[in-house]
Amino acid sequence: MKIAWRMKYLLAASAAVLVAAGPLAPAATAEPDMPLYNSAQTNFLNGNESAGLADLAQLLLEHPDDAQALALQAIWSDYTGDLITRELALSRLNAVDAGLAQGTRNVLGAIGAAVGTLPNPLPALIGPGTGIAVLGYGLLPDGTMRPELVNRLTAAWIQAIAAPWAPIVVTGGNPQNGVAEGAAMAGWLVAHGIPADRVLVEDRAGSTVQNALYSTRLLRDAGATSAVVVTSPNHIRRAVADFMVAGTRVVGAMTSLDQLVSQLPPPNRAGQRGIYLDATRTFLLPSER
């Protein structure tokens, strides 16, 4: 299912754990700005932030009211530590689209909160209205699960036992031998005593961004306004950021034990790049236009 970046409103995450992002800006209509925007996004994808920001600066000289370019400039200036350019971009964006400006600030808050998240092998203490979201991991060619996915499911099982009322979303597509990650995960949980009616299967996602966007919808449909996110220690911060930006209030970040100690320190700036990149995708800023 293709995610349309033109949607009018998107709930994103706040530093306090919930982000309510405003309307995204309409697509730019002037043809000359499209190569610069696309070049900037390609540079960000390839890890060349200085070139990407230079592309945006040139674009904004020609089209100073380009809301999407201003949002990207603010986010990547924050990544590079250029706080003056970040704040100037947000100020200009606020004059163009106040909702998108607030959403962009909240995305930055979500990134900061996610970077500060600690992997935790213990179940969170949660009440009604909170679900559990378990992220998939690539299956073997024969459709069976790799040990890392079993480790994630074991952590999710512990959380599910600690909160027997909570709906559980298992999310992952990428089928192997006709089996999607979500289906394999659901089968494991049910085989280990979790009632089938507690398990909601999301079997289309091919990335962490899609895990977050698709699972957020399922959680809301199940009446969950918040979630414990369950994945591996080396994946938890990016997953938390994506779920927060997608509109899920994250109240717990549970992980498997594998490589836990090595993942306790917060990532350095270079290690945060993937979190920033994912956040722009989850915020539905187009990768090209």
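**Figure 1. A nonpolar patch on the surface, made by L118, V261 and L264**. To join a patch, a residue needs over 30% relative accessible area and no salt bridge, with like charges joined within 9 Å and nonpolar side chains (Val, Leu, Ile, Met, Phe, Trp, Tyr) within 5 Å; a salt bridge here is a side-chain nitrogen of Lys or Arg within 4 Å of a carboxyl oxygen of Asp or Glu. This is a predicted model, where local features need pLDDT of at least 70, side-chain atom pairs count only at pLDDT 80 or more, and totals for chains, interfaces and linings use all residues. Residues are numbered from 1 along each chain as its sequence is written, and side-chain values use heavy atoms, leaving out hydrogens and water.

Figure 2. Helices (H or I, at least four residues) and strands (E, at least two) are DSSP runs, numbered from the N terminus. V261 is exposed, at 64% relative accessible area (buried is under 20%, exposed over 50%, partly exposed in between; 1.4 Å probe, protein chains only). Q259 sits in the loop between β7 and α10 too, and has a positive phi, near 60°, despite being a residue other than glycine. With 45% relative accessibility, Q259 counts as partly exposed.

**Figure 3. N177, a non-glycine with positive phi**. Its phi is about 55°. Look for N177 in the loop between β4 (168–171) and α7 (181–191). N177 is exposed, with 60% relative accessible area.

**Figure 4. Helix α6 (residues 147–162) and its buried residues**. The helix has 16 residues and runs 23 Å from first C-alpha to last, close to the 22 Å expected at 1.5 Å a residue (the expected span is 1.5 Å times one less than the number of residues). Buried in α6 are E148, L149, R152, L153, A155, A156, Q159 and A160. They cover an arc of only 160° around the axis, so they end up on the same side of α6 (the arc is that of the directions from the helix axis to the C-beta atoms). An α-helix has 3.6 residues a turn, so residues three or four places apart point the same way. The buried residues of α6 pack against β3 (130–135), β4, α7, β6 (226–231) and β7, a contact being heavy atoms within 4.5 Å.

Conventions. Areas by Shrake-Rupley, 256 points an atom, 1.4 Å probe, with all protein chains shown as cover.
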